[in-house]
Number of protein chains: 2
Amino acid sequence: MALDNIQKLLEPDERLIEKVVSCDREWQGKIFAVEHLKVELPDKSHDMREIVRHHGGAGVCAVREGKICLVRQYRVALGRMTLEIPAGKLDPNEDPATCAARELTEETGLVAGRLELLGNTAGAPGFNDEKTRIFVAYDLSQGEACPDEGELVDVVWLPVSDMVEAIRAGLIEDAKTVVSVLAAAAGII
Amino acid sequence: MALDNIQKLLEPDERLIEKVVSCDREWQGKIFAVEHLKVELPDKSHDMREIVRHHGGAGVCAVREGKICLVRQYRVALGRMTLEIPAGKLDPNEDPATCAARELTEETGLVAGRLELLGNTAGAPGFNDEKTRIFVAYDLSQGEACPDEGELVDVVWLPVSDMVEAIRAGLIEDAKTVVSVLAAAAGII
């Protein structure tokens, strides 16, 4: 009933929809592309939209005895070290759960007996189609880590309650990690 | 003590840091730019990184009697309708709290007596520096909405518990909104 209501609110609404009139690829990289869209607004006027196109990613929220599994790494885009749940980029058309399981094992050596969708995050829907699927890992067992060449990560387990404090202090910003920590704090996973 | 430990883990670590050797602007749009970075890895080998540069944004989490304030809009990047907390882009060097207060009032007519940082989200730190600062609104009063020209939004208040269900079902994906809903569900705001 609650979901029906939300689903109805998410149905296409002619009063709000922007129609794509034309789409030009402005830039093509290895990881993402940039498109320039001309759109028609509901009042028939025109505007333009700049959009980043990316295949998206998948991450894994692994919690054990009140602690969450994180990888410590350097992010040159942010110019700083981060603590993030294990995650990786999707190959085109790759199944997100397969990607999530692979990245978990590569980065941490953990093997999940079962993965269940926690939810998705679209980081910047105003200009970026990138989406990360977040899975909760159950029935964990420890295997051997095997990071990609050039991928340098450290694995740490930190108390969910400490991570909540760090989010409030602005120290933890990665969206998929913030979502995982808060979901654990809310007791919904 | 807990924060000290996390702060220590976030200090620059020579074993993990990538040094920027060169940086070329590949594409410049109105909303974001694309840079091509050559980086030196800790083992002295080189690699390249494609990075989106964006000024970031600010959003507002307004909760009243167990319901969260959302704007219903169309996102051409995702090709669908979304429900998101009120938010907007930062002007260069703009104070995030000023931006958050302005967007809240423009989109919903709500005026916040006080804003407090909930946390930040970086949606895709692997290739995008975009960050959204999320504020919790307190002492709300209702004024008049005044959306930007061409900005078409509907305001709805939905139960936090229904939104949690919708996140689990993959219906709500916007990162700042997922974070706000889970923070409310966790009782930390």
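Into which domains is chain A divided?

1. Chain A is divided into domain 1 (2-54) and domain 2 (57-185), with bounds from an automatic or database domain assignment. Their C-alpha centres lie 28 Å apart. Five residues from domain 1 of chain A and four residues from domain 2 of chain A make up the contact, where contact means C-beta atoms, placed from the backbone, within 7 Å.

2. This is a predicted model, in which local features need pLDDT of at least 70, side-chain atom pairs count only at pLDDT 80 or more, and totals for chains, interfaces and linings use all residues. Residues are numbered from 1 along each chain as its sequence is written, and chains are lettered from A and ligands numbered from 1 in the order in which they are written.

3. The contact between the chains takes 78 residues from chain A and 77 residues from chain B.

4. The largest nonpolar core has 82 residues, and C61(A) and C61(B) have the most contacts inside it. Such a core is a set of buried Ala, Val, Leu, Ile, Met, Phe, Trp, Tyr and Cys residues joined through C-beta atoms within 7 Å; buried means that 20 or more other C-beta atoms lie within 10 Å of a residue's own. Beyond four places in sequence, the contacts of C61(A) include I68(A), L118(A) and F135(A).

5. Helix α2 (residues 96-108) of chain B, a DSSP run of H or I with at least four residues, has 13 residues and should span 18 Å at 1.5 Å a residue, counting one less than its number of residues. Its end C-alpha atoms are 18 Å apart, which agrees. Among its buried residues are C99(B) and L104(B). Just after α2(B), G109(B) takes a positive phi of about 80°.

Definitions and conventions
A residue is buried if 20 or more other C-beta atoms lie within 10 Å of its own, exposed if 12 or fewer, and partly exposed in between; C-beta atoms are placed from the backbone. Two residues are in contact if their C-beta atoms, placed from the backbone, lie within 7 Å. Helices (H or I, at least four residues) and strands (E, at least two) are DSSP runs, numbered from the N terminus.
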